Amino acid sequence: MTVPAPSTPSMLSYNRSLVPTDAVFFAVAEGGVRRPIPILAKRILGTESQFDDAGQSKPTGNPQWIECATLPHECSRLGMEFILTVVGEAHKPQACDLPEWRADLIKLVESYVQADGFRTLGRLYAANLANGRWAWKNRLFAQDFAITVVEGKQQWHFAALQHRLSDLDGSTRHAEVISLGDRIAAGLRGEAVVRLTVTGLLDMGHGTTVYPSQEFVDKDDDKDNNKDDSKKKLGKVLFGINYQGEPRCAAFHEQKIGNALRTIDIWHGGTEGVEPGMPLPVNPYGQDREAFVVVRRSGGGNSDFYTLLTKGIKSFAPGMANGVSGDMHFVLANLVRGGVFGMGKKSNEPGTAKTKAK
């Protein structure tokens with residue numbers, strides 16, 4: 001029996017083109033001196049507040065052992081710093097098990113470079129550097145937020161709070177954002193390895209709580225492997241790295257930085273709870289974790305990455321002679337994001353094909 005050739009690759013993967021480091025937190029003392037912010041543990045007494053179907057309130061307290069991080073009481077400014085490396089990994093797949101698809105994908109990106117040169121995506125990424133989205137919750141408490149981006153002798157300066165998180169288009173019209181975005185685009189085109197040092201200074205207030213990444217703690221692993229009774233009971237564990245002699249200085253995971261930078265999907269049509277064009281993190285199905293909705297459902301009005309790529313891989317390239325569509329920008333943004341995209345059924349797996357991206 002002849003097995004028909006697959007129409008889509010079962011293995012398709014791309015390396016990331018935007019590669020941030022973890023972001024270290026530090027307090028800024030007099031004279032601009034940097035001081036690490038240690039992660040501390042404290043015991044608190046909360047209240048029982050979860051739903052009780054019997055409708056009975058509980059008078060007992062809810063003791064918790066948690067970790068926290070705060071600025072020293074003599075410091076009001078929080079510093080955050082990371083390095084972003086931009087490379088041209090979107091030009092060809094890292095792996096693709098259909099040669100014809102690999103050839104078409106390479107042609108697709110070549111046509112995109114000719115039509116747009118990655119300038120649209122580069123300026124959107126630059127807008128998220130400029131608006132300080134990558135500071136996450138810390139941005140909410142800042143009365144002032146100054147950002148400096150450095151590459152060699154070149155510098156870009158931004159007042160983050162003057163850029164609205166919901167208005168990426170507005171930010172991309174600023175001269176400094178355009179300049180930085182075009183430099184990022186050069187890295188995406190593969191013309192150079194672009195390495196940017198990004199530093200933010202936030203006026204948070206003396207002794208204010210700051211918000212680094214929180215670690216995921218598997219309860220079973222904690223039970224089996226952690227013999228320290230006090231640590232076993234930790235209800236919240238924060239992420240820390242070694243900095244200036246402090247073994248657990250507050251920090252952000254690089255994944256959290258990357259998620260903020262790729263929050264540039266403004267080409268979707270929205271859904272219940274999500275306004276059309278509201279910036280979403282680029283991912284194949286347009287998941288919004290805050291609203292717990294999927295914006296780009298398969299078969300819906302907002303086409304997902306797999307549908308667009310499968311239907312358009314042959315037609316996208318010729319069509320870009322007349323301009324680049326939002327769908328095309330979305331597809332390329334997913335290739336820049338990178339990951340493993342399983343698009344077809346494996347011969348030993350009956351039923352519907354599974355897709356996976358990271």
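Is Cys75 buried or exposed? I looked up Cys75 and noted a relative accessibility of 1%, so Cys75 counts as buried. I keep in mind that this is a predicted model.

Next I looked for disulfides and found zero in the structure. A disulfide is a covalent bond between the sulfur atoms of two cysteines.

Sheet. I followed an open sheet of three strands, which run in the order S8-S1-S19 with antiparallel pairing. Strand S8 (95–96) and strand S19 (339–341) are at the edges, each with a single partner strand, so one side of each has no neighbour in the sheet. I looked at one pairing in more detail: strand S1, residues 12–14, is joined to S8 over two bridges in the antiparallel sense. Leu12 has Cys96 in S8 as its bridge partner.

Backbone angles. Which residues did I note for a positive phi? Trp136 has a positive phi of about 55 degrees and is not a glycine. I placed Trp136 in the loop between helix H2 (119–130) and helix H3 (137–140). Trp136 has 29% relative accessibility, so I wrote it down as partly exposed. Gln244 is not a glycine either, and its phi is positive at about 50 degrees. I found Gln244 in the loop between strand S13 (240–243) and strand S14 (246–252).

Definitions and conventions
Residues numbered from 1 in each chain as written. Predicted model: local features only at pLDDT ≥ 70, side-chain atom pairs only at ≥ 80, totals over all residues. Heavy atoms only, no water. Helix = DSSP H or I, 4+ residues; strand = E, 2+ residues; numbered from the N terminus. Buried < 20%, exposed > 50% of the residue type's maximum accessible area, 1.4 Å probe, protein only. Disulfide = S-S within 2.5 Å. Pairing = 2+ DSSP bridges.
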